[in-house]
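Please read them with the structure open.

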Amino acid sequence: MKRLGAAVTTAAAALVLAAPSSALATGPGAPVWPAPSCTRVTGDGGVTFTTDDGASLAPTTGTLRTTSYTHGLVALDTPGTLLATRNGELQRSTDAGCTWTRVGAVGSGSTRLTAAPGGRAFAWEMSGRFLARTDGRTVTPLTSPTANIVGLGTDRARPDHVRVAGHDGRIYDSVDAGATWHAVGTAAFGGGASVYSVSFDPSDIDHAVAGAMVRGGEVTTDGGVTWRPSTGLSAGSANLFSTVISPASSSVVYGLGIDLAEAVPGSGNEGRHLYRSTDGGRTFAKAVDDTAETKLTNSTLLAASPVAPDVLYFEYGTYYAGYGTDLFRLDAATGKVTKTHNAYDGISAIAFNPGRPSVMYLGVEEVRVD
């Protein structure tokens, strides 16, 4: 397979996310988080950006030439600074995504990133135990309290406060930036489920939504002290693979799952749907079905708009037959899904510019089959 670093794509019926006319500050009196001033990204090709929902992508000086996945990508509260993880490497940009440089190695080839206050982030491996803290210059390994991390959340009000969730539904809490941990509350689903993921509310770390095999979803609003089942999924017969809580409204949660009661031979969508909740994850309703036009998989990437709770981005990409990647945009207010297409093999991560949210950063994939 080959991917052109200078790839520019066209779109069918693309809609552009509304953006402020000037960059916004990250807080009262804070420096402005700038928009990228370049038209070409200098780097190895693992990260690009778009200002028009993927109708066109900024070309890159480098081209991915080996099998590569950019699983981690976050914008920090330090203006202009982003971090990315491609394969087992941490990269950093200090000019709003125009130039990327290598920082060093991380301990996992599939590392995700969660931003934290104070110009740092936590690096972690989904369904693994790798865990580290980084300020973008150094990587500090941490001891995970669980062998299988399925979610990590940070507290925007307390820089040293972080939580991780384990595959058994248990939440672990740290108030010293991950140096020490203790279990809190009760495990989601009573500890008797295989938990796929736990998403934490970026505005309220006490609010989290868990998704599990067969058992569907559960939600907590008190940091895991208590959990309550999510409704709207077939009772005791739904896989909820992943969820994302909207940064624009804690009430809005999107989820990816399969209604097992519908997943019968010959069913058109195999019971696979995107779901939406407007009450924080307590109740879900179907928003998008898996069809030939809106392709969903068990690992579809979900990225909620930071400014519009009705907007969700998701993607479908494959190297097979040189297909490339579709980047979808759901407007839940109208139910309309629009699509753009690019030549990459996939998009592994999405981040938004904090000052100009119409700028989307994309961590991309290259899959080589010899």
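1. Two strands are said to pair if DSSP finds at least two bridges between them. The model is a predicted one, and in it strand β4 (residues 82-86) and strand β5 (residues 89-93) are joined by 5 bridges and run antiparallel. One of the contacts is between leucine 82 and serine 93, its bridge partner in β5.

2. On β4 there is also a pairing with strand β3 (residues 68-75), again antiparallel and again with 5 bridges. Here leucine 82 of β4 stands opposite alanine 75.

3. Is β4 covered on one face or on both? Both faces are covered. Leu82, Ala84 and Arg86 lie on one side, Leu83 and Thr85 on the other, and all are buried.

4. Turning to the aromatic residues, the whole structure holds 5 aromatic pairs. In one of them, tyrosine 196 and phenylalanine 241, the ring centres are 5.0 Å apart and the planes are at 55 degrees, so the pair is tilted. Because tyrosine 196 lies in strand β15 (residues 195-201) and phenylalanine 241 in strand β19 (residues 238-245), the pair ties together parts that are 45 residues apart in sequence. Tyrosine 196 is partly exposed, at 23% relative accessible area, whereas phenylalanine 241 is buried, at 10%.

5. Another tilted aromatic pair is formed by tyrosine 313 and phenylalanine 352, with 6.0 Å from centre to centre and 45 degrees between the planes. This pair links distant parts of the chain, 39 residues apart: tyrosine 313 is in strand β24 (residues 311-318) and phenylalanine 352 in strand β27 (residues 346-352). Both tyrosine 313 and phenylalanine 352 are buried.

6. Which residues make the nonpolar surface patch of about 210 Å²? They are Met213, Val214 and Leu260. Valine 214 sits in the loop between β16 (204-212) and β17 (216-220). Residues need over 30% relative accessible area to be part of a patch; valine 214 is partly exposed, with 34%.

Key. Residues are numbered from 1 along each chain as its sequence is written. This is a predicted model: local features need pLDDT of at least 70, side-chain atom pairs count only at pLDDT 80 or more; totals for chains, interfaces and linings use all residues. Side-chain values use heavy atoms; hydrogens and water are left out. Patches are made of residues with over 30% relative accessible area and no salt bridge: like charges are joined within 9 Å, nonpolar side chains (Val, Leu, Ile, Met, Phe, Trp, Tyr) within 5 Å. Accessible areas come from the Shrake-Rupley method with a 1.4 Å probe; for residues, only the protein chains shown count as cover. A salt bridge is a side-chain nitrogen of Lys or Arg within 4 Å of a carboxyl oxygen of Asp or Glu. Helices (H or I, at least four residues) and strands (E, at least two) are DSSP runs, numbered from the N terminus. Buried means under 20% relative accessible area, exposed over 50%, partly exposed in between (1.4 Å probe, protein chains only). Rings of Phe, Tyr and Trp (its six-membered ring) pair if their centres lie within 6.5 Å; planes under 30 degrees apart count as stacked, over 60 as edge-to-face and the rest as tilted.
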